[in-house]
Amino acid sequence: MENSKEMRTWLDDMQLNHPLVIAGPCSAETEEQVLKIAHELKDTDVSYFRAGIWKPRTRPGMFEGVGALGLKWLQKVKEETGMKTCTEVANAAHVKLALEHDVDLLWIGARSTVSPFIMQEIADALAGTDKIVLVKNPVNPDLALWLGGIERLHTAGIKKLGAIHRGFSTYEKTKYRNTPEWQLAIEFQTRFPDLPLINDPSHITGNRDMIFDVCQTALDLNFDGLMIETHFDPENAWSDAAQQVTPPKLVQIMKDLKIRKEDDPEAGYTKELSNLRAQIDVIDGQLIEALGKRMKISDGIGKLKKEKNVAVLQSNRWNQILGAMILEGESKGLSEEFVLKMFKAIHQESINHQEKILNN
Ligand code: PEP
Ligand code: MN
């Protein structure tokens, strides 16, 4: 699959708001719940109403969705509000039912993108249709797997394609439910700048208080749209209660976001600059994260040295590190002077930490 301008034709042709907003509950729970949320979203910037009908849950015994019955409710949403609808499909039977009920946009969930068999089954079931299909990133940070899923749909003749960035699961606990690994989304964009890319701050954060910031980063990185889980009573939602926002909150978020206007003569420059700055912010965050981790390990070494009553400074080891880093730095275009200065500062901080441990 090669990047081509045609990839974004469907999005440009629809002349929707920028960013494209997809909103609605994590799960369709009852007909009343679906319709109430849809009516509250009707006169907002939302272009597509979402609701999960078949819910992939990590553990059995939880609410697994209302099933095909919910498709009738989505049809009602369309009749009563005029909003377009979308839902997740995870096998050929889901695709068949969603097509029969005229769902406008289908998305493939993160747990399906990981499986080439499932992606192929879905691609075969969709062949010959002109549905819009958005592919969520796989749960693990694997760009090739994500692209592979999209490629299978592309090969099956699906033209209206896009990707959804919903973050990646990690063994280590972080402040996110699924860490964004923005650099992966940036690489995705660099390789396929014309493939529409939507951000899903709900599944990235798992926490409604963090949604705004993730949305802003996504817009600064030139994402085309946002998918935000919305419920009139988030606390009592049957799934993903902590991350859903109310319709008025969604409207507020959209109002507060800094959205770069295309028609401003300076737009190209401002957009490019904010994109590059957002990339720098992502990397600076990673630098601090990595330095914090390094210092924790160094604390561990300090404790060991204390037990064995060994001196803090071991110059052989230090000279080895410096030598290796200067060479490594050179290959990345960093001057010896800079690498030395930086590692001296890091080393000094490590020594300070370890001395504190030894003298305590
Ligand atoms: C969802 O959108 O409700 C969902 C299940 O998402 P994901 O596949 O990203 O976990
Ligand atoms: Mn959800």
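Guide: A polar contact is a pair of N or O atoms within 3.5 Å; within protein, one must be able to donate a hydrogen and the other to accept it, and residues adjacent in sequence count only if both atoms are side-chain atoms. This is a predicted model, in which local features need pLDDT of at least 70 and side-chain atom pairs count only at pLDDT 80 or more, whereas totals for chains, interfaces and linings use all residues. Residues are numbered from 1 along each chain as its sequence is written, and side-chain values use heavy atoms, with hydrogens and water left out.

Visitor: What places a polar side-chain atom of R111 in polar contact with ligand 1?

Guide: The distance from that atom of R111 to an oxygen atom of ligand 1 is 2.9 Å, and the limit is 3.5 Å, so the pair qualifies. An N or O atom in the side chain of R50 is 2.8 Å from an oxygen atom of ligand 1, and for the side chain of H203 the corresponding value is 3.3 Å. Taken alone, ligand 1 exposes 300 Å², of which the protein buries 97%, with accessible areas coming from the Shrake-Rupley method with a 1.4 Å probe.

Visitor: How is the shell around ligand 1 divided by class?

Guide: It holds three nonpolar, two polar and seven charged residues. Asp, Glu, Lys and Arg count as charged, Ala, Val, Leu, Ile, Met, Phe, Trp, Tyr, Cys and Pro as nonpolar, and the others, Gly among them, as polar. The residues around ligand 1 include K55, E88, W107 and G109, each having a heavy atom within 4 Å of it.

Visitor: What makes a set of residues a nonpolar core?

Guide: Its members are buried Ala, Val, Leu, Ile, Met, Phe, Trp, Tyr and Cys residues joined through side-chain atoms within 4.5 Å. The largest such core has 66 residues, and F49, L153 and F188 have the most contacts inside it. A second, separate core of 13 residues includes W10, Y48, W107 and I198.

Key
Chains are lettered from A and ligands numbered from 1 in the order in which they are written. Buried means under 20% relative accessible area, exposed over 50%, partly exposed in between (1.4 Å probe, protein chains only).
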